[in-house]
Amino acid sequence: MSLVSEFPIPELIVHEPGSSGGGITGQVEIRRADLQQAWGHARMWNAYTALNGEQVLFYIPNVGILGIEGGRYIWVSPFENCNEDQLRLYILGSCMGALLLQRGILPLHGSAVVLNGKAYAFCGESGAGKSTLAAVFTQRGYSMLTDDVIAISFTEQGCPVVIPSYPQQKLWQASLDRLGMYGGDYAALFDETEKFGVPVRDSFESQPVPLAGFFELQHNEGTESTGLSYMKLSGLMGMPLLFTHTYRNFLVPMLGLGQWHFDFTARLAGQLLMAQFKRGSEGFTAPVMADHILQWVMEGEAYHVG
């Protein structure tokens, strides 16, 4: 998609007016608006989310009110003294997640890389190691498609594809240390001095790639530091995980998309290699996990990692 924004978003790739842009499927406009009245008349879903007609509204304390409409518009009503770095995190995160759902595109929460010409998604709770695992692959010369929000659509032929996002990863200082990267080379994300935005323009894949696999990463506190286990999942077992890791999944019932989501994920799960990794609470297992994933992808079969 191409985006036109009244707010600077330096993380994105800039296309000059008149350029083809490559892979453009639609245009999204990010515009300034006064949403105070809309929020006051909206139907509340929770303390920070509401519906105003078909418009999704987010109320972010100390940041502003954000509205997503028709899969095309993101309206931004910033509060006074709003931090622009924090504002961008919500525009590129929660707002894009809602906008993708409005477009009929499934957003998963995780990272995706390209292995042997196919996309593989890494999903999990915060701290599970999604971005770190993706960074291990980019260090080995593989391409990254997206970090944080994985946008999945189907081609006319029924093939699931991952639509690339923008060339940046978000990595904690501890991950940078393990990967031999110096945090001082990167800008800290707002209010998270130990988490950094890492540009990956040289390792970024800018075209949609067929999705072949889904890996759930779990951080198992009860496992020893060297422990790493693996289990292949059937489509039936994997379907609930696709809901669990849908980005801002509370929006699915809020937007009345329950049946759509079920049909989409059932269709998706039937075409993917799906597996679950569990790692220990200590040590750095991402390189070992990457080795096993590569071997599994190349062999096309699952096995137990001891």
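A residue counts as partly exposed when its relative accessible area falls between the buried limit of under 20% and the exposed limit of over 50%. The views below show a predicted model.

**View 1. Arg 248 in the loop between α5 and α6.** With a relative accessible area of 31%, Arg 248 is partly exposed. The loop that holds Arg 248 runs between α5 (235-244) and α6 (251-254). Although Arg 248 is not a glycine, its phi is positive, at about 50°. Most residues other than glycine have a negative phi.

**View 2. Asn 116 between β8 and β9.** Asn 116 is placed in the loop that links β8 and β9. Its phi is near 55°, a positive value in a residue other than glycine.

**View 3. Helix α3 and the residue Gly 141.** Helix α3 (residues 130-139) is largely enclosed by the rest of the structure, because 9 of its 10 residues are buried. The buried residues are Lys 130, Ser 131, Thr 132, Leu 133, Ala 134, Ala 135, Val 136, Phe 137 and Thr 138. Just after α3, Gly 141 adopts a positive phi of about 100°.

**View 4. The largest nonpolar core.** This core contains 30 residues, and those touching the most other members are Leu 115, Phe 122, Leu 133, Phe 137, Phe 215, Phe 277 and Ile 293. At least two residues of this core come from each of β8 (106-115), β9 (118-124), α3, β14 (192-199), β15 (209-219), β16 (228-233), β17 (273-279) and α8 (286-299). The most is given by α8, which supplies 7 residues.

**View 5. The surroundings of Phe 122.** Neighbours within four places in sequence are left aside in this view. The residues in contact with Phe 122 are then His 109, Gly 110, Ser 111, Val 113, Lys 130, Leu 133, Ala 134, Phe 137, Ile 150, Phe 215, Leu 217 and Ile 293. A second, separate core has 28 residues, including Leu 51, Phe 58, Leu 66 and Leu 92.

**View 6. The largest cavity.** A search of the whole structure finds 1 cavity of 30 Å³ or more. The space in the largest cavity is about 40 Å³. Its lining consists of Phe 7, Pro 8, Glu 84, Leu 87, Arg 88 and Ile 91.

**View 7. Cys 82 and Cys 123.** Cys 82 has a relative accessibility of 16% and therefore counts as buried. Cys 123 also counts as buried, with a relative accessibility of 0%. The number of disulfides in the model is 0.

**View 8. Ala 266 in helix α7.** Ala 266 belongs to helix α7, which covers residues 258-269. Its relative accessible area is 32%, so Ala 266 is partly exposed. Met 239 is 27 residues away from Ala 266 along the chain, yet their C-alpha atoms are separated by 6.5 Å.

**View 9. The whole protein chain, for orientation.** The chain has 8 helices and 17 strands. Of its 306 residues, 51% count as buried. Among contacts between residues at least 6 apart in sequence, 70% join residues at least 24 apart. The accessible surface amounts to about 14200 Å², and carbon and sulfur atoms account for 49% of this area.

Definitions and conventions:
Residues numbered from 1 in each chain as written. Predicted model: local features only at pLDDT ≥ 70, side-chain atom pairs only at ≥ 80, totals over all residues. Heavy atoms only, no water. Helix = DSSP H or I, 4+ residues; strand = E, 2+ residues; numbered from the N terminus. Buried < 20%, exposed > 50% of the residue type's maximum accessible area, 1.4 Å probe, protein only. Contact = heavy atoms within 4.5 Å. Areas by Shrake-Rupley, 256 points an atom, 1.4 Å probe, with all protein chains shown as cover. Disulfide = S-S within 2.5 Å. Core = buried A, V, L, I, M, F, W, Y, C linked by side-chain atoms within 4.5 Å. 1 Å grid on protein atoms, 1.4 Å probe; cavity = no way out; pocket = protein on both sides within 12 Å on 5 of 7 lines; lining within 4 Å. Points joined across faces, edges and corners; volume = space filled by probe spheres on them.
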